[in-house]
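User: Can you walk me through this one? I'd like to start with a helix, then go on to packing and charges.

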Amino acid sequence: MRRVKGIAGEALEFILEASRSTMPREFAGLLQARDGVISEILILPGTDSSEWMAWVPMYMLPSMPVVGSCHSHPVPNPLPSQEDLEFFSHTGSYHIIAFPPFDERSWRCYDSSGRRRDLMVIRE
């Protein structure tokens, strides 16, 4: 597992804005970290979503390491679903769920088992 100390403020802002702009559909992406900071959001070709789910075609992932995933819930419920937990188990150890109103307080980070974890926002 790659050690992550936080998420870049710009990366979090991207997740929140993408989540807001895709409403009422879910948004989904994968997280990459550089020097221990999540700083890149990968959107794979073929990613699809609806009001109830998002699908990320993992076979499209180039050989690049990812530390986790991000996606939105169109309703103000930050808890991971059973389907979320299944996806988490294949995509790293840091998983962000954004939810309405998609502001700086409306997101949570979870580990691969769905336990809440702290993730510091790093602003430069």
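This is a predicted model: local features need pLDDT of at least 70, side-chain atom pairs count only at pLDDT 80 or more; totals for chains, interfaces and linings use all residues.

User: Which residues does H1 cover, and how far does it reach?

Analyst: Helix H1 runs over residues 9-21, 13 residues in total. From first C-alpha to last it reaches 18 Å, close to the 18 Å expected.

User: Why would residues three or four places apart point the same way?

Analyst: An α-helix has 3.6 residues a turn, so residues at that spacing point the same way. Among the buried residues of H1 are Leu12, Ile15 and Ser19.

User: OK, packing. How many residues are in the largest nonpolar core?

Analyst: The largest nonpolar core has 22 residues. Those with the most contacts inside it are Ile7, Ile15, Leu31, Ile38, Ile96, Trp107 and Leu119.

User: Which elements give two or more residues to this core?

Analyst: Strand S1 (6-8), H1, strand S3 (37-42), strand S7 (94-98) and strand S8 (107-110). H1 gives the largest share, five residues.

User: What is Leu119 in contact with, leaving aside its neighbours within four places in sequence?

Analyst: Leu119 is in contact with Val4, Gly6, Ile7, Ile38, Tyr94, Ile96, Trp107 and Cys109. There is also a second, separate core of six residues, including Ala28, Leu44, Val56 and Val66.

User: Switching to charges. How many salt bridges does the structure hold?

Analyst: Five. One of them pairs the side chains of Arg123 and Glu13, at 2.7 Å from N to O. The two are 110 residues apart: Glu13 is in helix H1, while Arg123 is in the segment after strand S9 (120-122).

User: What does Glu104 form a salt bridge with?

Analyst: Arg123 again, with the closest N and O atoms 2.8 Å apart. Glu104 sits in the loop between S7 and S8 and Arg123 in the segment after S9, so this pair ties together parts 19 residues apart in sequence. Glu104 is exposed, at 52% relative accessible area.

User: Which residues do the shared partners join into one network?

Analyst: Glu13, Glu104 and Arg123.

User: And which residue does Asp103 meet in a salt bridge?

Analyst: Asp103 meets Arg105, side chain to side chain, at 3.5 Å from N to O. Asp103 is partly exposed at 25%, whereas Arg105 is exposed at 65%.

Note on methods
Residues are numbered from 1 along each chain as its sequence is written. Side-chain values use heavy atoms; hydrogens and water are left out. Helices (H or I, at least four residues) and strands (E, at least two) are DSSP runs, numbered from the N terminus. The expected span of a helix is 1.5 Å times one less than its number of residues. Buried means under 20% relative accessible area, exposed over 50%, partly exposed in between (1.4 Å probe, protein chains only). A nonpolar core is a set of buried Ala, Val, Leu, Ile, Met, Phe, Trp, Tyr and Cys residues joined through side-chain atoms within 4.5 Å. Contact means heavy atoms within 4.5 Å. A salt bridge is a side-chain nitrogen of Lys or Arg within 4 Å of a carboxyl oxygen of Asp or Glu.
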